[in-house]
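Trainee: I have just opened this one and would like a walk through it, please.
Mentor: Gladly; let us look at it together and then take your questions in turn.

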Amino acid sequence: MDNVAPLPAVERPAGPSEVMAASDLVLGFGDATVMRDITVAFRRGTITALVGPSGSGKTTFLRSLNRMNDKVRGFWRRGEITLEGEDIHAPSVDPLVLRRRVGMVFQRPNPFPMSIQDNVIAGVKAHKMARRSQLRDVAETYLAQVGLWSAVADRLNDSPFRLSGGQQQLLCLARALAVEPEVLLLDEPTSSLDPRSTEAVEELVRRLTPELTVIIVTHNLAQAKRLSDNLILFSEGQLVETGATNALFERPKRQETARYLLGEAGALIRQ
Ligand SMILES: Nc1ncnc2c1ncn2[C@@H]1O[C@H](COP(=O)(O)OP(=O)(O)OP(=O)(O)O)[C@@H](O)[C@H]1O
Ligand SMILES: [Mg+2]
C-alpha cells in the first residue's frame with residue numbers, strides 16, 4: 001500500500017450536534033480486515049459524502065451503520081458505533097428498530113413485489129406507525145415528497161416494475177422516508193440513473209436536510225461537491241481525510257486526497 005502515513009486527527013464535534021459516530025471501528029470478513037481504525041462523527045442535519053476508490057470499503061462501512069452486515073457470512077466488527085450517543089450493538093437494540101431510525105437506499109432500485117402504494121407503506125405497516133385508514137394518505141404524502149405523486153396517482157395498485165429506473169429509485173426513497181428515519185444512508189443512489197433522475201434525487205436529498213442527516217456514497221466527485229457539507233475519503237480500508245467538502249477540495253491536507261479529488265475529474269469540476 002502506498003502512502004502509509006499516520007491517520008489524521010479527526011475533528012469530533014461536541015456531543016449534541018452529532019447524530020451518529022464510529023470510534024476505532026474495524027470491520028472484516030473472515031480472515032480479511034476491510035476497514036481499519038475508523039473514527040468519525042456525523043453532524044445532525046448535514047450531508048456527508050463518502051468517496052474513495054472501488055473496494056476501499058465504503059459500502060461495508062455504510063452497511064455497518066444500520067447493522068445490515070450482521071447476517072453477512074463471515075462478517076465481524078470491533079469498535080463502537082453510536083446513534084444519539086447509544087451503542088447500536090447494545091443488547092437492548094432491536095436491529096429492525098435501528099433500521100427504521102437509520103434507513104437505507106441502494107445503488108439499484110429494489111421495489112418489493114407488491115403494488116406501488118404497498119411499497120411506500122410497507123415499513124409503516126410493519127412498524128404499526130399508522131392506522132389502516134391513514135395508509136393511503138401516508139402513501140400520497142411520501143410519493144408527493146419525492147415528486148412521484150402526479151406520475152403514479154392513478155396507478156397506485158399497479159406493479160412498481162413498470163416504472164422507469166429513476167421512478168423506481170424515487171419510490172424506494174419514498175419507502176425509506178415513510179418510516180421517518182433520523183439518518184438516511186444512500187449507497188450510490190444515482191449511479192444507475194440518467195442526469196434528470198439524478199437531479200431529482202439530489203434535489204430531494206437537499207430538501208430533506210436539515211431535518212434528516214444524510215450519508216451518501218458516491219463515485220461522482222461533482223455530485224459530492226454539489227451536494228455534501230462534509231466529505232470522508234476512504235482508501236484501502238482507511239480513512240484518509242475528512243472535513244468540510246469545500247475545504248477538502250480547495251485545501252486538501254493529504255497528498256492522497258489531492259490526488260483523488262483533484263485528479264483529472266477533480267480538475268474538471270474545479271473549473
Ligand atoms: N460479503 C463479503 N465477503 C467478503 N469480502 C467482502 C464482502 N463484501 C465486501 N467484501 C470486501 O470488502 C472490501 C470492501 O468492499 P466494499 O464493497 O465495501 O467497497 P466499496 O468501497 O463499496 O467499493 P465500490 O466503490 O466498488 O462499491 C473489498 O475488498 C471486498 O471484496
Ligand atoms: Mg460500494
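**A first look at the fold**

Mentor: The secondary structure of the protein chain consists of 11 helices and 10 strands, where helices (H or I, at least four residues) and strands (E, at least two) are DSSP runs numbered from the N terminus. The radius of gyration, taken over C-alpha atoms, is 19 Å, close to the 18 Å that the globule rule gives for 271 residues, so the chain is as compact as a globular protein of that length; that rule is 2.2 Å times the number of residues to the power 0.38.

Trainee: Before we go on, what kind of model is this, and how are residues numbered?
Mentor: This is a predicted model, in which local features need pLDDT of at least 70 and side-chain atom pairs count only at pLDDT 80 or more, while totals for chains, interfaces and linings use all residues. Residues are numbered from 1 along each chain as its sequence is written, chains are lettered from A and ligands numbered from 1 in the order in which they are written, and side-chain values use heavy atoms, with hydrogens and water left out.

Trainee: Okay, how much of the protein chain is buried?
Mentor: Buried residues make up 49% of the 271 residues, where buried means under 20% relative accessible area, with a 1.4 Å probe and protein chains only.

Trainee: And which residues touch the most other members in the largest nonpolar core?
Mentor: Those are L143, L173 and L184, in a core of 46 residues; a nonpolar core is a set of buried Ala, Val, Leu, Ile, Met, Phe, Trp, Tyr and Cys residues joined through side-chain atoms within 4.5 Å. Helix α6 (residues 165-178) gives the largest share of this core, 7 residues.

Trainee: What does L143 touch, then?
Mentor: Not counting residues up to four places away in sequence, L143 touches I116, V120, L148, W149, V152, L156, L171 and A174, a contact being heavy atoms within 4.5 Å. A second, separate core of 27 residues includes A22, F42, L62 and V217.

Trainee: Switching topic, is T48 buried or exposed?
Mentor: T48 is buried, with a relative accessible area of 3%, and it is found in strand β3 (residues 47-51). Beyond its neighbours within four places in sequence, T48 is in contact with residues including F42, V214 and N230.

Trainee: Where is the cis peptide bond?
Mentor: The cis bond runs from T209 to P210, with omega near 10°, and P210 lies in the loop between α7 (195-208) and β8 (213-217).

Technical notes
Buried < 20%, exposed > 50% of the residue type's maximum accessible area, 1.4 Å probe, protein only.
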